[in-house]
Amino acid sequence: MECVNLGEVLVKEAVVLDHDPFKDKDEMFDFLAGKLNSAGVVTDKEAYKKALYEREEMGPTYMGNFIGLPHGKCDEVIKPGIAFCRCKEPFTYQSCGEEGKVKYVFMLAIAGTQSGDEYMRVLATLAGLLAHEEFLAVLETCTSYEDLLDKINEFNK
């Protein structure tokens, strides 16, 4: 499966570093969906949040290693995008009967028109990066959107 250039879908306005821990997943969904909405990736924040919750019912998006990977696909997503949030401290993330501490969240917005293949390539590329301990260290130390993008591109070669 061919890798995707995540730099093309990582949304600058939706990269948030050193956020206070969220009280729960709902608060995080609302915050990051709002960022994607403000950035023009999503036209209707509530419809997108509904898609996130529908996806949560199909299986956990808690990935271990302090990572949450929620994603939603709906027609209100007008272009594919990824939001990233690094929290100062981990918060409890519950997902489809699983629970874990999450500090890093990659939230994917998938356009309703996007094929399943494209969507799976983005997920596979991201999951491949997240499998590397070295990349996880980068998430902890990146200082800006540009820094994160540089590191992603470095690993994505």
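The model is a prediction, in which local features need pLDDT of at least 70 and side-chain atom pairs count only at pLDDT 80 or more, whereas totals for chains, interfaces and linings use all residues. Residues are numbered from 1 along each chain as its sequence is written, and side-chain values use heavy atoms, with hydrogens and water left out.

The protein chain contains five helices and six strands, these being DSSP runs numbered from the N terminus, with at least four residues of type H or I for a helix and at least two of type E for a strand. Read from the N terminus, the order of the elements is β-α-α-β-β-β-β-β-α-α-α. The radius of gyration, taken over C-alpha atoms, is compared here with a globule rule of 2.2 Å times the number of residues to the power 0.38; for 157 residues a compact globule would come near 15 Å, and the 14 Å of the protein chain agrees with this. Along the principal axes, the C-alpha atoms fill a box of roughly 35 × 35 × 25 Å.

Of the 157 residues in the protein chain, 50% are buried, where buried means under 20% relative accessible area, exposed means over 50%, and partly exposed lies in between (1.4 Å probe, protein chains only). The accessible surface of the protein chain amounts to about 7,600 Å², and carbon and sulfur atoms contribute 49% of that area; such areas come from the Shrake-Rupley method with a 1.4 Å probe, and for residues only the protein chains shown count as cover. Among contacts with a separation of 6 or more, 71% involve residues 24 or more positions apart, a contact being heavy atoms within 4.5 Å. The protein chain carries 17 positive and 28 negative charges, whose mean positions are 2 Å apart. In this count Lys and Arg are positive and Asp and Glu negative, while His and the chain ends are not counted, and each charge is placed at NZ of Lys, CZ of Arg, CG of Asp or CD of Glu.

Side chains of opposite charge can pair when their charged atoms come close. Ten salt bridges are present in the structure, each defined as a side-chain nitrogen of Lys or Arg within 4 Å of a carboxyl oxygen of Asp or Glu. One of them joins Lys 25 and Glu 56, with an N to O distance of 2.8 Å. Because Lys 25 belongs to helix H1 (residues 25-38) and Glu 56 to helix H2 (residues 45-56), this pair ties together parts that are 31 residues apart in sequence; both Lys 25 and Glu 56 are buried. Within helix H2, Lys 50 and Glu 54 are four residues apart, about one turn of the helix, and form a salt bridge whose closest N and O atoms are 2.9 Å apart. Lys 50 is exposed at 53% relative accessibility, whereas Glu 54 is partly exposed at 38%.

A further salt bridge links Glu 140 to Lys 103, the closest N and O atoms lying 3.1 Å apart. Glu 140 is in helix H4 (residues 133-141) and Lys 103 in strand S6 (residues 98-111), so this pair connects parts 37 residues apart in sequence. Glu 140 is partly exposed, at 35% relative accessibility, and Lys 103 is buried, at 14%. Lys 49, in helix H2, is buried with a relative accessible area of 13%, and beyond residues up to four places away in sequence it touches Phe 29, Asp 30 and Ala 33.

Pro 90 is located in strand S5 (residues 81-95) and is partly exposed at 28% relative accessibility. The C-alpha atoms of Pro 90 and Lys 101 are 5.5 Å apart, although eleven residues separate the two in sequence.

Most residues other than glycine have a negative phi.
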